[in-house]
Amino acid sequence: MECEKDLFCGVNYADKDVEDMNELEKKHTPTIEVEELDESRYRVRIKVGEYKEHPNEHSHFIESLELYSGRTFLGRATFASARSEPVATFVIELDHKHPLVAFSRCNMHGTWRSDEKEI
Ligand SMILES: [Fe+2]
């Protein structure tokens with residue numbers, strides 16, 4: 001199999017507007033919402049399903065969500081199949097700011113990243 005066609009090789013990234021995404025991209029691309037709490041603290045909500053609901057079954061589900069500021073790891077949430085929705089909220093404190101990026105991991109379709117979110 002060619003690398004470009006292997007969902008489990010590297011990180012999948014739609015890199016396009018929502019209306020141009022295919023079904024697979026809409027179901028897996030995480031989204032980021034940010035609320036500024038003060039000059040260095042933020043409440044960040046990341047989720048899968050904003051563009052199109054992803055299945056949440058024992059055989060097919062979102063296993064985890066991760067949040068980064070640039071290349072700095074900020075947090076990870078893991079989910080049980082069928083019983084937990086792929087939504088996570090983190091409160092973060094940053095003394096220097098890089099764009100936020102979220103990653104989702106599907107047990108059947110690999111790892112997907114969000115667009116960068118400037119803060
Ligand atoms: Fe999936």
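**View 1. Histidine 58 in its loop.** In this predicted model, histidine 58 sits in the loop that links β3 (41-47) to β4. Is histidine 58 buried or exposed? With 10 other C-beta atoms within 10 Å, histidine 58 is exposed, because the cut-off for that label is 12 or fewer. Leaving out residues up to four places away in sequence, histidine 58 touches Ser81 and Ala82. Tyrosine 13 is another story: histidine 58 and tyrosine 13 are 45 residues apart in sequence, and their C-alpha atoms are 25 Å apart in space.

**View 2. Alanine 82, a contact of histidine 58.** Alanine 82 belongs to the loop between β5 and β6. Check the backbone here: phi of alanine 82 is near 70 degrees, a positive value in a residue other than glycine. Alanine 82 has 12 C-beta neighbours inside 10 Å, so this residue counts as exposed.

**View 3. Aspartate 15, with another positive phi in a residue other than glycine.** Here phi is near 50 degrees. Where is aspartate 15 found? Look in the loop between β1 and α1 (23-28). Aspartate 15 counts as exposed because 11 C-beta neighbours lie inside 10 Å.

**View 4. The open sheet of five strands.** Reading across, the strand order is β1-β8-β7-β4-β5, and the pairing is mixed. The edges belong to β1 (11-12) and β5 (72-78); each has a single partner strand, so one side of each is left without a neighbour in the sheet.

**View 5. β4 and its two partners, β7 and β5.** Strand β4 covers residues 62-69, strand β7 covers residues 100-106, and the two pair in the antiparallel sense over seven bridges. How many bridges join β4 to β5? There are six, and these strands also run antiparallel. Within that pairing, glutamate 66 stands opposite arginine 76 in β5. The hairpin of β4 and β5 has two residues between the strands, and glycine 70 takes a positive phi near 60 degrees there.

**View 6. The open sheet of three strands.** The order is β2-β3-β6, with antiparallel pairing. Here β2 (31-36) and β6 (87-93) are the edge strands, each with a single partner, so one side of each is left without a neighbour in the sheet. Direction ignored, neighbouring strands of this sheet are turned by 20 degrees against each other on average. Seven bridges hold the antiparallel pair of β3 and β6. Across that pair, arginine 43 stands opposite valine 91 in β6.

**View 7. The largest nonpolar core.** Which residues make up this core? There are eight in all: Val44, Ile46, Leu65, Leu67, Ala88, Leu100, Val101 and Ala102. At least two residues of the core come from each of β3, β4 and β7, and β7 supplies the largest share, three residues.

View 8. Set aside the neighbours within four places in sequence, and isoleucine 46 is in contact with Leu65, Leu67, Ala88 and Ala102, among others. The contacts of isoleucine 46 also include Pro30, Thr31 and Ile32.

Note on methods: Residues numbered from 1 in each chain as written. Predicted model: local features only at pLDDT ≥ 70, side-chain atom pairs only at ≥ 80, totals over all residues. Pairing = 2+ DSSP bridges. Helix = DSSP H or I, 4+ residues; strand = E, 2+ residues; numbered from the N terminus. Buried ≥ 20, exposed ≤ 12 C-beta atoms within 10 Å, placed from the backbone. Contact = placed C-beta atoms within 7 Å. Axes fitted to C-alpha atoms, helices over the stretch in contact; angles between N-to-C directions. Core = buried A, V, L, I, M, F, W, Y, C linked by C-beta atoms within 7 Å.
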